[in-house]
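This report is intended to be read with the sequence and the structure in view. Please locate each part as it is named.

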Amino acid sequence: MTDLNEKTPASVADGSDGSGSEPLLKVTGLAKHFPITKGVLKRKVGAVQAVDGLTFDVRPGETLGVVGESGCGKSTMGRLVTRLLEPTGGTIEFQGRDITHLSAGRMRPMRRDIQMIFQDPYGSLNPRHTVGGIVGTPFRLQGVKPEGGVKAEVQRLLELVGLNPEHYNRYPHEFSGGQRQRIGIARALALKPKLVVADEPVSALDVSIQAQVVNLLDDLQDELGLTYMIIAHDLSVIRHVSDRIAVMYLGKIVELADRTSLYEAPMHPYTTALMSAVPVPDPRRRGAKSDRILLKGDVPSPISPPTGCRFHTRCWKATQVCKTTEPPLLQLKTGHQVACHHPENGEDQMPGDAPLVADVITVKSAGAEKPSETVVAAETAEPAEAGEAAEVAEARESVAVDKPGAAAEVAEVAEAGESVAAEKPAEAVEPAGAAEAAGSAERADADESAAAAAAAESPDAPTREPAAPAGGDGGEDAAAPSTEAGDTPKK
Ligand SMILES: Nc1ncnc2c1ncn2[C@@H]1O[C@H](COP(=O)(O)OP(=O)(O)OP(=O)(O)O)[C@@H](O)[C@H]1O
Ligand code: SF4
Ligand SMILES: [Mg+2]
């Protein structure tokens, strides 16, 4: 049996001051492809490329936030790092030791140091075990005998996470969602791990409980010297908890930077779009429209991701090179890594390359002094069509500026552009908070759209009724992680 008190916080144990010279976790080229099988013989017919070539490290004592849209591979990344999944490729080093393909038996001692808080506080607790049994399991599995006995230690942990130690014999169904999440946290912390991977630790909780759990994680980090990898899709939570942030898109890290740098000057167009969806909690801006970038369409399938840059089908800056060449994750500023040929707030890596998309429509809203929204209609056009597409886009831009910014109209005009420039089936544009607009976009056929564009080109075109303003104070972008107003960074 081992004495639990022999363990020390990560920053002390590895001799590092937490400044980042010696990473606690080092991940290189990590990939996980889930096979798709068919038939009785389970013939492999394809693979879900859930994560593909992740490279990052986590420094002792820090919190690395991971953010991205649903399905981009965040949970898979967490499960790979904690070795609950077997990687398809790449390496994982923990404190300098390669743990990529350790067997379950050889991994067991490492489990003391690497723990996970699961996404689902309901599904991750065995309903047939008492809380005492659940939180005490790691001691039994690891053969650890805490001073004073398992029961006393479990009760101490329950108290540490804000639960009543008297509830030791209760079952999970007798607790609320927030309390269950605390049970999961107590279990993860039982063996004083060095690294805790928390997968959406608060997404299943209501806002007031979210704040409690986030503050609890914060306090425990200070108290126990923990290193966190916190996965979330909520930008306000990520901003609050993280020292550095990795932004994921379709199985790749597209940007990795410290919190201030990322929020103040995002460099990847995808991050820029995410940030633009964060409402500004300023009462003076009530009613004003924000400069939001509305990404069109859904994330492509990870079964057959787009070639080149995986974001090129939705990016308003895409050029030919984006379609053919995958941009590597490069450090373009100190501590700021980006995978983009044409980064924002930084030097263009491929200046002058032929644009793929010229379909950005800026709409001037009624009464607004400056363009209020940018709708990204990112349909790719072939090179031969580029000139034509540019002309159409130009026509549309002038139309949009001449007329009030009605979301439905934007959708129609964008669609007209697609039918003229790319001769592809019209797709629905998803204006945030304007379901009606999306509906009308879907209904409109190419003829109507072309008519709308032609009518709009005419200076005498009748002005349509503007739709209700979208966004500005909390409208949700379907393509963006959820956000909350009023968050304040912890540090
Ligand atoms: N066991 C599995 N078998 C096959 N595909 C899987 C498996 N687990 C995940 N996937 C697929 O891998 C991709 C990434 O899934 P993952 O759960 O990592 O996403 P996520 O970013 O955590 O999403 P969310 O924010 O919704 O939790 C998805 O397309 C998912 O369908
Ligand atoms: S590489 Fe090209 S498509 Fe990808 S984010 Fe950058 S500009 Fe957009
Ligand atoms: Mg997940």
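## Two loop residues with positive phi

Leu250 is found in the loop between S9 and S10. In this predicted model, phi of Leu250 is near 50 degrees, a positive value in a residue other than glycine. Is Leu250 buried or exposed? With 25 C-beta neighbours inside 10 Å, Leu250 counts as buried, since a residue is buried if 20 or more other C-beta atoms lie within that distance.

A second case is Glu200, in the loop between S7 and H7. Glu200 is not a glycine, yet its phi is positive, at about 45 degrees. Glu200 is also buried, with 22 other C-beta atoms within 10 Å.

## Overall picture and confidence

The protein chain has 15 helices and 15 strands. Of its 491 residues, 47% count as buried. Among contacts between residues at least 6 apart in sequence, 70% join residues at least 24 apart.

The mean pLDDT of the protein chain is 74, and 66% of the residues reach 70 or more. Over residues 1-20 the pLDDT is below 50, and this stretch has 39 contacts in the model beyond near neighbours in sequence. The pLDDT is also below 50 over residues 358-491, a stretch with 251 contacts beyond near neighbours in sequence. Where pLDDT is low, the predicted coordinates should not be read in detail.

## Helix H10

How many of the eight residues of helix H10 (residues 269-276) are buried? Six of them are, so H10 is largely enclosed by the rest of the structure. The buried residues are Pro269, Tyr270, Thr271, Ala273, Leu274 and Met275.

Several elements take part in covering these residues. Among them are helix H8, strand S9 (244-249) and strand S10 (252-258). Helix H9 (259-264) and strand S11 (292-295) are also included in this cover.

## Helix H7

Helix H7 (residues 207-224) has 18 residues, which at 1.5 Å a residue should span 26 Å; the end C-alpha atoms are 26 Å apart, which agrees. The span is taken as 1.5 Å times one less than the number of residues.

Which residues of H7 are buried? They are Gln210, Val213, Val214 and Leu217. These residues cover an arc of only 100 degrees around the axis, which puts them on the same side of H7. An α-helix has 3.6 residues a turn, so residues three or four places apart point the same way. On the other side of H7, Ser208, Asp222 and Glu223 are exposed.

The buried residues of H7 pack against helix H6 (177-189), strand S7 (195-199), strand S8 (227-232) and helix H8 (235-241). Just after H7, Gly225 takes a positive phi of about 65 degrees.

## An open sheet of four strands

Four strands form an open sheet in the order S2-S1-S4-S5, with antiparallel pairing. Strand S2 (43-58) and strand S5 (97-98) stand at the edges; each has a single partner strand, so one side of each is left without a neighbour in the sheet.

Strand S1 (residues 25-38) pairs with S2 in the antiparallel sense over twelve bridges. One of the residues in this pairing is Pro35, whose bridge partner in S2 is Ala47. S1 and S2 form a hairpin with four residues between them, and Gly39 in the turn has a positive phi of about 80 degrees. Elsewhere in the sheet, two bridges join strand S4 (residues 89-94) to S5, and these strands run antiparallel. Here Phe94 has Arg97 of S5 as its bridge partner.

## A second hairpin

Strand S12 (residues 330-333) and strand S13 (residues 336-338) pair in the antiparallel sense over three bridges. The bridge partner of Leu330 in S13 is Val338. S12 and S13 form a hairpin with two residues between them, and Gly335 in the turn has a positive phi of about 65 degrees.

Conventions. Residues are numbered from 1 along each chain as its sequence is written. Chains are lettered from A and ligands numbered from 1 in the order in which they are written. This is a predicted model: local features need pLDDT of at least 70, side-chain atom pairs count only at pLDDT 80 or more; totals for chains, interfaces and linings use all residues. pLDDT is the predictor's confidence in each residue, from 0 to 100. Two residues are in contact if their C-beta atoms, placed from the backbone, lie within 7 Å. Two strands pair if DSSP finds at least two bridges between them. A residue is buried if 20 or more other C-beta atoms lie within 10 Å of its own, exposed if 12 or fewer, and partly exposed in between; C-beta atoms are placed from the backbone. The arc is that of the directions from the helix axis to the C-beta atoms.
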